[in-house]
Amino acid sequence: MRTRTLIALAGTATATALALVSAGPASAAGSVLTKGSAGGTAVAVGDTLTAPLASGTSATFYSSSTGTSGVKCGTSQFTAKVTANPTAPGTATESLTGQTFSGCTSNVTGVLGVGSVTIDNLPYTAAASSSGTLTVSPPSGSVIQSTVKLNTLLGSVTCVYQGPSLAGKTANADNSITFTNQQFTKTSGSSLCFSTAYFSAKYAPVTDAGSSVYVN
């Protein structure tokens, strides 16, 4: 009897251990995007994420990857709607519905001021990976496009720049997204429009209804 009891207990313990091993990853898994903390509450599909420029930074469109000639904007913000938020590790997707720029100036010779900087062809798709990469892509058959209007002595000049995609990095330390020297090519505009524009900006903090957003 004692032997049978020990065998039964051993079998029960083994079954329990196997059940825990099987349940462990599923119970510990969280979503790629969480709010409040890393591994916290899952960001719901349909939620709207927003982020301004990180404090003390500017969004820049420079004529070279190492220079400082071009357009600098003191204010920028993006707005994106979450379209998928799977279990981590994985890739969450968002629909980038808005990206605005204001407070822009230019140090290009012959340019008196910046009329506007706009992002065209929205919405774009943003894919945030657990690896810390963020890729922004246009709709099929389209391009990422920015239109910059410059004020000159001869009137307003319109510069149009296009690129295939944007590659950024996310960081949980400050809930940020950083784009560095993302290259765009001029497709139309006068000689005052530099032929290549390099876009850099750091957005932080990314929030969902006021709560900081983390990538897991």
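**Ground rules**

I number residues from 1 along each chain as its sequence is written, and I use heavy atoms for side-chain values, with hydrogens and water left out. Since the model is predicted, local features need pLDDT of at least 70 and side-chain atom pairs count only at pLDDT 80 or more, while totals for chains, interfaces and linings use all residues.

**Entry 1: disulfides**

I began with the cysteines. A disulfide is a covalent bond between the sulfur atoms of two cysteines. My search of the whole structure, taking a disulfide as a pair of cysteine sulfur atoms within 2.5 Å, turned up two.

One joins cysteine 73 and cysteine 104, with sulfur atoms 2.1 Å apart. This pair links distant parts of the chain: cysteine 73 sits in strand 5 (residues 70-84) and cysteine 104 in strand 6 (residues 91-106), 31 residues apart. The torsion about the S-S bond of cysteine 73 and cysteine 104 is about 105°, so I noted a right-handed disulfide.

I then checked how covered these two are, with buried meaning under 20% relative accessible area, exposed over 50%, and partly exposed in between (1.4 Å probe, protein chains only). Cysteine 73 is buried because its relative accessibility is 0%, and cysteine 104 is buried at 16%.

The other disulfide joins cysteine 159 and cysteine 193, whose sulfur atoms are 2.0 Å apart. Cysteine 159 belongs to strand 11 (residues 155-163) and cysteine 193 to the loop between strand 13 (176-188) and strand 14 (196-203), so the bond ties together parts 34 residues apart in sequence. Here the S-S torsion is about -75°, so this disulfide is left-handed. Both partners are buried: cysteine 159 has a relative accessible area of 1% and cysteine 193 has 3%.

With the bonded cysteines numbered in sequence order, I wrote the pairing down as 1-2, 3-4.

**Entry 2**

Next I followed strand 5. I count two strands as paired if DSSP finds at least two bridges between them.

- Strand 3 (residues 48-52) runs antiparallel to strand 5, and five bridges join them. Leucine 49 stands opposite alanine 80 in strand 5.
- Strand 4 (residues 59-62) is also antiparallel to strand 5, over four bridges. Phenylalanine 61 faces valine 71 in strand 5.
- Strand 6 pairs with strand 5 in the antiparallel sense over twelve bridges. Serine 76 stands opposite phenylalanine 101 in strand 6, and a hairpin of six residues joins strand 5 to strand 6.

**Entry 3: the core**

Which residues have the most contacts inside the largest nonpolar core? I found Leu33, Val71, Phe101, Val117, Val136, Phe199 and Tyr203, in a core of 46 residues. Strand 5 gives the most to this core, with five residues. By nonpolar core I mean buried Ala, Val, Leu, Ile, Met, Phe, Trp, Tyr and Cys residues joined through side-chain atoms within 4.5 Å. As background, nonpolar side chains tend to be buried together in soluble globular proteins.

**Entry 4: salt bridges**

I looked for a side-chain nitrogen of Lys or Arg within 4 Å of a carboxyl oxygen of Asp or Glu, which is what I call a salt bridge. The structure holds three.

Aspartate 47 and lysine 35 meet at 3.9 Å, N to O. Aspartate 47 is in the loop between strand 2 (41-42) and strand 3, and lysine 35 in strand 1 (residues 33-35), so this pair ties together parts twelve residues apart in sequence.

Aspartate 208 also bridges to lysine 35, the closest N and O atoms being 3.6 Å apart. Aspartate 208 lies in strand 15 (residues 207-208) and lysine 35 in strand 1, so parts 173 residues apart in sequence are tied together. Aspartate 208 is buried, at 4% relative accessible area, and lysine 35 is partly exposed, at 24%. I noted that Lys35, Asp47 and Asp208 are linked in a network of salt bridges.

The remaining entry here is aspartate 174 with lysine 202, at 2.8 Å, N to O. Aspartate 174 is partly exposed at 28%, and lysine 202 is partly exposed at 29%.

How values were computed:
Helices (H or I, at least four residues) and strands (E, at least two) are DSSP runs, numbered from the N terminus.
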